[in-house]
Structure formats: structure tokens, C-alpha cells
Amino acid sequence: MTSAVDLLVKDAGLLVVDGEREIPGGWVAVTSGRVTAVGSAGTEPEARTTVSAAGRLVTPGLVNTHHHIYQNLTRSYAPAVNGTLFDWLTTLYPLWAALDEEAAYVSAYVGMAELLMGGCTTSSDHLYVHPRPNLVDAEIRAARDIGFRFHATRGSMTRSVEDGGLPPRSVTQTTDEVLADSERLIRAHHDPEPGALIRVALAPCSPFSVTKEVMTATAELAERYDVRLHTHLAEDRDEDTYCLETYGCRPVEYFEDTGWMSDRTWVAHCIYPNDDELRRLGAAGVGVAHCPSSNMLIGGGTARVKEMRELGLPVGIGCDGSASTDHASLWMETRNALLLGRYRGGPGAMTARDALDIATRGSARCLGRADELGHLRPGACADLVVWDLHAVALAGALSDPVEAWLRCGPARAWTTLVGGRVLVDRGEPVLPGLADALRDHGRIARRMQGVG
């Protein structure tokens, strides 16, 4: 290199470039928001700005493939915490009917700050309640104000309880409203260019909350505009019963019949497909957002992650809605994926490196961005995390910093970069609007929950 790079992250204890390459004492050079080089100590280029990793673990930024950010307004809501999935939803739907643009903006701003603190540099979000217009626009505005990499998924519900669905009329829309707004959002906000900070996907909520017409028309719209598709699938045994009674088939067959069985699609949870359905999903290249904490808190099953990966399904990590998981730490989700994988399959079923790979490269595949996210090879977006574990927690952990990262904990992001911009520094978000957002968030959450 003949000229100075924009930014240099150096002196890592260990730099994880991707699932195949790790560099002890490594460094990462960044110019114009892209990784331009990586290397070992003593070969660093000159840089205009230097960030010291001070012997810490450095990894690609974690990627969140499934979330409902607005639900941080109803975290740990006491009347819902011990119910089934359907109990939980029917308790909270009436509260979420109060969602407006201000609530969508501040919940997104606070939620993205929390994601950054947990080492997440890219997140999708599944906003499927639309009691008022322009809620997705408000989330996108928050992402732009922060500089966060954001895949907004325009969710929808059209089948209210009066029509044989689960949600009340107050949070559903008509088919025409859903399709028109989906097209509007793509035209207004979707950036298909490499390095994009904002992209839009289309995401009818679930088989029990939208009609077949919406599923089919949405798949056609996604094909026309070349955007991705997202939904919940095979999440609960009640979903199996609902689909058999309503559509005369199981959820995966219904999913296939509506035109969704393609590598354009990634789905949340995917707990209950049978062996044949899992093979068909794998052959089609459908991605899965694995949400381990949500699975355990709701008390249902969990995705067969090891088998899915062996069948070729892209598997990523999702933290799911704040009201079911009650946090937005991708580090915690990655750790729980490690634990749950070993609980299901034994000690050889999942390693810390497997879990990290799922949370980075696997998640990037789900979002259709394996070329530029989830790794730190030259040309990648400069999204990375310098991790911090307290010296007490790390005492005695001498042989493997990646295993120690998930086994010892709790870990937090010491430095988080998105596109080469420092958004977390020394463990604290560098977000000038955060104090105001937290104040407004408290006011809105109290009003929504009926707390004085």
C-alpha cells in the first residue's frame, strides 16, 4: 500500500476473518467503508485513524435475521410471560394497536442501539402490525440517523379473528393496502447496490394471520422487484393444526403451494417440518432464522440446526421479538445457539466456531449478502466487532479465545464498526440521539402498557 488507509483496527489477540482463517495478532485495514486488507502484526499499513483492539478478539459483525423491534415497548409484560405462543400474541395484539410513527421510530432507535452493543452490525426487522401508516418508514429513518445496516421487512396481517385468523381487526389491513404499501416501500427505500445500508423485503406474518391470496401475490411482487421474502414457518404445533383445518395441508406444503419455496426466501423458527419437508426446503435453498432464546422461553421445540446445515439450508441467528426474548443481544443468541445445539445433539454437535459461523456467514446467506457481509475478507463491508470480556471472566481461559468468547462471558462489544464508522466505543453507543430516544421510549411504553 502506497497511501494511508482510512482506518486501521490493530493489535487483536485473535482476528477471525471467516470460518476458514484466523490471524493471531491480526489487523484490519478499512478504506471507503470496505475492508482493503488483513494481516499479522508487524505488517500494518499507515492509517489516518487507528483503533486498538488491545489483545481482544475481533470478529465480523453479527447479523440478525429475525426481529420485531417495536416489541421492546412491551418487554416482560407480566400478563403474557407464561402463556403459549398463541396466548402471548392474543394478549399483546391489543397493546400493539397503539403503535404509531413516533413509537416505531423510538423503539427502532433504542433497539438498534441495543443490537450494536451486542455486536450486531446488520439486522432485519419484521414489522407486521400496521394500525397506522408509515411505520416502516419511521424505522428506516431511525436506521439512517444511526448509520445502521438495516433490512426492513414489510410484514402484514390480513386475516383477523373475524375472518378465522388470530389477530384482532385493529392490527390487520386489506390485501390491497398491503400490496400497495409493499410496492411503495420498495420504490422509496430499497437499495439494491453493493454496500447498501437499507434494503426492503416482503414479509406476510404467518399462515394463521394472512390469506393465501396475500402470500401468492407477495411472492409475485418480490419476483418482479427482485427483493427477498420472509415469514414465520412451522413455529408451533398449533400452526400444523390450523393449516390442516384451514388449507387442508401442512404448513410447508402450503408454503410451497403459494410460490415461496425458493432461495429468495428465509423463514423464522422452522421447528416442526418433518424429514421430507426439511429435505425439500434444503433443495430449494430456503434459509432459516434460528431463534434459540425465544424457542426456550416460549417452551416449544427448536430448529434442527445441525441437520439443516448438513442439508444445505442457510441457517442464521435471530433474536426474535423483544416481548418474547426480552433482549436484543446477538452475543447471547449465539451463545444460546451453542448451548441448545449441544443440548440437542451432544458435545460434538456444536462448537463456538460453528455458532459464530451461523451468526455471521450463515445469517448473511439468509439475507442474500454472503458476498459482502459475515466475513472480513478484502472487499467486505467494514462491519466488525472488537469484543470485551472482563479479566475476571477470562482468568484461566488461555488456550482458545473463540471458545472462551462464548463459554466464559458475558461478553459485550467494546468497539462496533458499521461501514468503517465507530458506533460503539469502549462499550458505549456513540449515538447523540439515544438519551432523547430512551426518554420518549419510556413515555410511550408506559402509555401502551397502562402503567402510570
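The largest cavity holds about 120 Å³ of space. A cavity here is a set of points on a 1 Å grid over the protein atoms alone where a 1.4 Å probe fits but cannot get out, and its volume is the space filled by probe spheres set on the points. The model is predicted, so local features need pLDDT of at least 70 and side-chain atom pairs count only at pLDDT 80 or more, while totals for chains, interfaces and linings use all residues. Residues are numbered from 1 along each chain as its sequence is written, and side-chain values use heavy atoms, with hydrogens and water left out.

**Cavities**
- The structure has three cavities of 30 Å³ or more.
- Lining the largest cavity are 14 residues (each with an atom within 4 Å of a point), and L85, L89, Y128, H232 and E235 lie nearest its centre.
- Helix α1 (residues 85-96) gives the largest share of that lining, four residues.
- The second largest cavity holds about 40 Å³, and its lining includes G61, T121, E372, H375 and D383.

**Helices α2 and α16**
- Helix α2 (residues 101-117) packs against helix α16 (residues 434-449) at an angle of about 125°, with the axes 9 Å apart.
- Contact (heavy atoms within 4.5 Å) involves residues including V106, Y109 and V110 of α2 and L438, H441 and I444 of α16.

Notes. Axes fitted to C-alpha atoms, helices over the stretch in contact; angles between N-to-C directions. Helix = DSSP H or I, 4+ residues; strand = E, 2+ residues; numbered from the N terminus. 1 Å grid on protein atoms, 1.4 Å probe; cavity = no way out; pocket = protein on both sides within 12 Å on 5 of 7 lines; lining within 4 Å.
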